[in-house]
Amino acid sequence: MLLAVDIGNTAIKFGVFDADSLIFKLSIPTVRDLTGDGLAYVLRPRLTQHITAAIVSSVVPEADQAVRDFIRSQYNVHAVFVANDWDFGLKINYEPLAEAGTDRITNTFSAVEKYGVPVIVCSFGTALAIDVVDPNRTLVGGVIAPGMQTLSAALQSTTSKLPRVEISKPEKVLQRTTIESIQSGIVYGYFGLVEELLTKIKREIADEPKVVATGGFARLIAENTTQITIIDENLLLDGLRMLHAKTQTA
């Protein structure tokens, strides 16, 4: 079985594939000083499948060694880490390529393979990343903005009296408490941000692409905006599975 690992800024996600089927997944908070032994303590009782191969996407280099050590010690498997210079079957217009998030490229590859082109990929996590692939399979550009949790944390850290709040959609925009006012400003403001960005992107590219949303807030945002056509919570894990298969046949 294949173990696919997505090391993100907020969470590390693990998915186990039996052929093309995702049969198990779990998520733990990202801890940058975690060790392989620490991971084993947390995961050994839960990741009990017989793993024969592993592939990893990471945007947190500090956590890479712990994941590598855990996989080697628990399964006697060498984990392969996705690199930006792999053959994704795309022309990637990003300069320099090394600075593009591996998760963004993997998500884009996955969306193209699963849903075709043209396509816009929106990842709603610690940051909002939007990437656009045209009908010629060229990744023509993208957008990065703070994620909703990041906005909440920034507001709390740069003010003296405003608290950090849980991301939750109030029933209406106008609110009478500080917490609900912050929630309303972040959540409803974010809906407007996403709607406007996607409207302008479509205008620039002059296409009618599918719009795929993934990440922790994908469903909340998709259900409260008009532009998103597909919600795919396993987009990156599926992309890792397909990249692994691609490397085996290369």
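This is a predicted model: local features need pLDDT of at least 70, side-chain atom pairs count only at pLDDT 80 or more; totals for chains, interfaces and linings use all residues.
Let's start with the rings. A pair of aromatic rings is described by the distance of the centres and the angle of the planes. Searching the whole structure turns up 3 aromatic pairs. One of them joins F70 and Y75, with 5.8 Å from centre to centre and 85 degrees between the planes, an edge-to-face arrangement. F70 is buried, at a relative accessible area of 1%, and Y75 is buried too, at 15%.

Then there's Y188 with F191. Their ring centres are 5.8 Å apart and the planes meet at 80 degrees, so this pair is edge-to-face. Both residues belong to helix α5 (residues 178–205), and because they are 3 residues apart there, about one helical turn separates them. Y188 is partly exposed, with a relative accessible area of 21%, whereas F191 is buried at 7%.

Here are the two pairs laid out:

| Pair | Centre to centre | Angle between planes |
|---|---|---|
| F70 and Y75 | 5.8 Å | 85 degrees |
| Y188 and F191 | 5.8 Å | 80 degrees |

Now for D238, which you'll find in helix α7 (residues 235–249). Is D238 buried or exposed? Its relative accessibility is 12%, and buried means under 20%, so D238 counts as buried. Its side chain makes a polar contact of 2.7 Å with the side chain of K114. Setting aside neighbours within four places in sequence, D238 is in contact with F17 and S110 as well as K114.

Technical notes. Residues are numbered from 1 along each chain as its sequence is written. Side-chain values use heavy atoms; hydrogens and water are left out. Rings of Phe, Tyr and Trp (its six-membered ring) pair if their centres lie within 6.5 Å; planes under 30 degrees apart count as stacked, over 60 as edge-to-face and the rest as tilted. Buried means under 20% relative accessible area, exposed over 50%, partly exposed in between (1.4 Å probe, protein chains only). Helices (H or I, at least four residues) and strands (E, at least two) are DSSP runs, numbered from the N terminus. A polar contact is a pair of N or O atoms within 3.5 Å; within protein, one must be able to donate a hydrogen and the other to accept it, and residues adjacent in sequence count only if both atoms are side-chain atoms. Contact means heavy atoms within 4.5 Å.
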